[in-house]
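Hello,

Here is the structure I promised to pass on. My notes follow below it.

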Amino acid sequence: MRRSRGCLVAGSAALVMLFLLSAGQEAGSASDSQSRTLRASQGRPAHVKALKSYSRPTTRHAASPEGILLQDLKSGRILYENHADQPMAPASLTKIMSAIVILEEGNLEDQVTVSRRAAAAHKIKLHLKAGQLVPLRGLLQAMLIRSANDACLAAVEHVAGDEESFVAKMNAKASALGLTRTHFQNACGFDMPDHYSTAADLAALTTYAMGKETFAAIVREPAAVIQTADQRKRFIARTTNRLLGAMEGVVGVKTGYTREAGRCLIAVVTREDKELLLVLLNAHQRWGRAQELIELGLQSFEERSGAPSEEATGATATGSSHGERLSPPLDPGVELHGDIPAGEENHHGSSFVIQPGEGG
């Protein structure tokens, strides 16, 4: 009897333990499930990744300043500037410095073997294949006219052995030219934390580059045909500069675009005895803005030759060596220099035929 009662008690205790163990497992499972659900709801890797991608829209550039410098190349006089000394991402305007180093340290008659790294370059490309043999001159044409990154990388690797060594040459040249607010981290213009320049530095760089006959001849071409050394493959590089052929007197120079930099442009215009240089960084309306500023700059030549009075123009002296500033300026916070006719400062080019669009 005692043995039966003891067995019963032991059996009951075992059942209780089994029940508690089962309940604990279920609770633990529920807790783990809840924890996993919580982690999933907090993490949502795919969803969060999409949100991060969307959280950096290009529209943020509309609230960022434009870097602008408009210069009379003959006198060096600044006609118009806005945040011209503020370091900003230069995008493919970087390739102007790359071209200078290639011209000064490379032999354009060299045949260049395209590396796998160069062939795999991102964004705008000539679509070169690894192992192809291409003249260095053709690569220079492709990187300046088409802004082709594969051609750019192939060229810089050939000249310096690797991109890192080439970038060191770029920075040394920037220092030699006195570009104190310019620093490069890559040769083609990709966004990087320490890759920047200013509108003023880029204006000085472009003036130097345009003094090189080969550079000046290439950037004014609307297209170029590049052939491999064996003549089996032909590439056509068409310009990304919409001003070429659309606006009288435009002779270059370079476009640029990245998410960080926004839309950029450097243009040189020659009409009769007038020469203008325009640099635009993070341009809110690149093509219309460029044509507007160029036309206003050209008008300033005519106004100076007519010697308008202050009463006629509404100009007030600023004490700046650049010249006179008109009020009101084109945009709030923009310094406007020179004799641009009063009443035209806020004209934003409703009659312009060049439409904004994608470009290098």
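**What I found**

Among contacts between residues at least 6 apart in sequence, 62% join residues at least 24 apart. Keep in mind that this is a predicted model.

Some overall figures come next. The protein has eleven helices and twelve strands. It has 360 residues, and 44% of them count as buried. The exposed surface comes to about 18,500 Å². Carbon and sulfur atoms supply 51% of that area.

Two places got a closer look.

The first is helix α3, residues 94-105. How far apart are its end C-alpha atoms? They are 17 Å apart. At 1.5 Å a residue, the twelve residues should span 16 Å, so the two values agree. Burial is the other point here. Nine of the twelve residues of α3 are buried, so the helix is largely enclosed by the rest of the structure. The buried residues include Thr 94, Lys 95, Ile 96, Met 97 and Ser 98. Ala 99, Ile 100, Val 101 and Ile 102 are buried too.

Is Arg 286 buried or exposed? Its relative accessibility is 1%, and buried means under 20%, so Arg 286 counts as buried. What does its side chain reach? The side chain of Arg 286 reaches the backbone oxygen of Gly 256, at 3.2 Å.

Best wishes

Note on methods: Residues numbered from 1 in each chain as written. Predicted model: local features only at pLDDT ≥ 70, side-chain atom pairs only at ≥ 80, totals over all residues. Heavy atoms only, no water. Helix = DSSP H or I, 4+ residues; strand = E, 2+ residues; numbered from the N terminus. Expected span 1.5 Å × (residues − 1). Buried < 20%, exposed > 50% of the residue type's maximum accessible area, 1.4 Å probe, protein only. Polar contact = N/O pair within 3.5 Å; in protein donor to acceptor, adjacent residues only side chain to side chain. Contact = heavy atoms within 4.5 Å. Areas by Shrake-Rupley, 256 points an atom, 1.4 Å probe, with all protein chains shown as cover.
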